[in-house]
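Trainee: Could you take me on a close look at one part of this model, step by step? I'd like to see how the neighbouring pieces lead up to it.

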Amino acid sequence: NIKNVWWHDMVTNPPVGPDGHDVSMVGVDCSIIMNPKVWEASGHATGFADPMVDCKECKARFRADQVIVVDVYAGDTYLSSESVEASSSADPSVEEYRKRAEFVEAVAGSTADPELKKGAKRFRQMLRDAAINNQNLIDDLASAWGGKVARDDIPNRLRSISLNVRPRRLLDSGPPNASVACPRCHAVNTLTEPRAFNLMFETFVGAVQDESAKAYLRPETAQGIFANFKNVMDSNRVKIPFGIAQVGKAFRNEINPRNYTFRSREFEQMEIEFFCHPNESMKWYEFWRDVRIKWYESLGIKSANLRPRQQGAEELAHYSKACTDIEYLFPFADEPQELEGVAHRGSFDLNQHGKFSKGKEDAFAVVDDDTHERFVPHVIEPSAGADRFTLAVLCEAYTVDESRPSPEFLRFHPRLAPIKAAVFPLVNKDGMPEVAEPIHREIKKHYLCQYDAKQSIGKRYARMDEAGTPYCFTIDGQTLQDGTVTVRDRDTGAQERIHKDRCLEYLHDHLRL
Ligand code: GAP
């Protein structure tokens, strides 16, 4: 449903452009396995990499930018370091880790007291396993120290050791003699130097598995669009400005896939590359940025959770004039995270493909019919993740209302609801199924619709509420007299009567936009 709605709203029926004219858009479906040359041109072959470190002891692999190291000092004297893997794909919160780490490091390297050391070891284990609160720590220390220290004295004992704790990222420089532990097995000085790890999935085409047969699964759908730019222009009677759109799978060998579908190795993108005259590019950038933000709002994403973030100049790629990340505050994360990037990419991509395929940067230049000016179009790229938006839609739709028969239900926007309608005969006899079945048969030609004749009507409504089905049609005793059925609205529970022949029309009206 998400992909269909995106395709409808962006490709077959896009909004009117900033110039007052209809936006021209072409849809494509390019190949997933692509020639390495494409990825040399795009920069992915060399640049699409994360810095990784490996633990020589336990063989775990970490993204270097996600390892936090806490250096512990007594005054200015460096004592030891503890490290931990960031707990989410969000930028790790150094401050949050600092608070948790203060306790452990305060006990760890500062004392010769064997009891305190024993307690610290125990604490380390807990830190690995779960976020803890101080009460748990004290209980644990009490049992680790086997009653030698009174439980009430433990907080004082911990407080009596005061140390400086300075957290940093692994890639930031630390004290010259810092000994960094593996975040997983805690062996000391076992991490390798950071190495670039390319995120592209490699394969071989044809019978022989050598360098010449190497190919890659696309890490983004965008490059298929650039590689086919000229094909589309030559075969579709389109003129600048126009867009090429694609929905499809992309693959990245992510080291830490996590947070449900937020970071996956196989995911789907919904991408537009919009080609325009360089002088008009900022106008189109602002247009697409605003269109995309409004799109999420129109589908029920509350603006309080939706956080468009304009990238600062220091974050932008050298060829880019502007970029907005449309971020969403997921309930499992502390910081808003990216659903979509809307990027001004200048002429970088077409220049690169021109250079790599024809030997000159302006190979894909176009000529303006009126002014005869020759120019390489600029590109605005709204690039969205279907999986991430699905996750946001689920989070947003989940509603708890204890006053309802089903206290938890999914409040999907009707356009996104997986099941659009249900048809129920109130009882499975008395001529009601004979009326209900043809209604269901008619609706399911157009929409996913369920038929259910079993159990009480309340249970059937509750089940549909849990699945997020917006409309239920019920055939009851009155239907047999005057031909009307009830339509129940999922969100309000309100019912109205309409003629049984109008059920499909009712859905068309309510699901259109
Ligand atoms: N062509 C531009 C491009 O690919 P990106 O920011 O790397 O830009 C665009 O990806 C969108 O694809 C992201 O905003 C996100 O929604 C989605 N995405 C990227 N990596 C993902 C992953 N590992 N799992 C799920 N979605 C991902």
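Mentor: Happy to: a helix has an expected span of 1.5 Å times one less than its number of residues, and helices here are DSSP runs of H or I with at least four residues, strands being runs of E with at least two, numbered from the N terminus. This is a predicted model, in which local features need pLDDT of at least 70 and side-chain atom pairs 80 or more, while totals for chains, interfaces and linings use all residues. Residues are numbered from 1 along each chain as its sequence is written, and side-chain values use heavy atoms, leaving out hydrogens and water.

Let's start with helix α10, residues 281-298. Its 18 residues reach 25 Å from the first C-alpha to the last, close to the expected 26 Å. After α10 comes G300, with a positive phi near 95°.

Now for the strands, which pair if DSSP finds at least two bridges between them. Strand β11 (residues 242-251) is mostly covered, with nine of its ten residues buried. On one pairing, β1 (residues 25-27) runs parallel to β11 and is joined to it by three bridges, with G27 opposite A245. Ten bridges link β11 to β12 in the antiparallel sense, and there K249 faces E268 of β12.

Of the 18 residues around the ligand (a heavy atom within 4 Å), E220, S264, E271, E338 and L339 come nearest. Taken alone, the ligand exposes 550 Å² (Shrake-Rupley, 1.4 Å probe), and the protein buries 88% of that. Two or more shell residues come from each of β12 (266-276), β15 (337-346) and β18 (378-385).

Elsewhere, β2, β10 and β9 form an open antiparallel sheet in that order. Both β2 (33-34) and β9 (202-204) have a single partner strand, so one side of each is left without a neighbour in the sheet. Three bridges join β9 to β10 (residues 214-217), and E202 stands opposite Y216.

Note on methods:
Buried means under 20% relative accessible area, exposed over 50%, partly exposed in between (1.4 Å probe, protein chains only).
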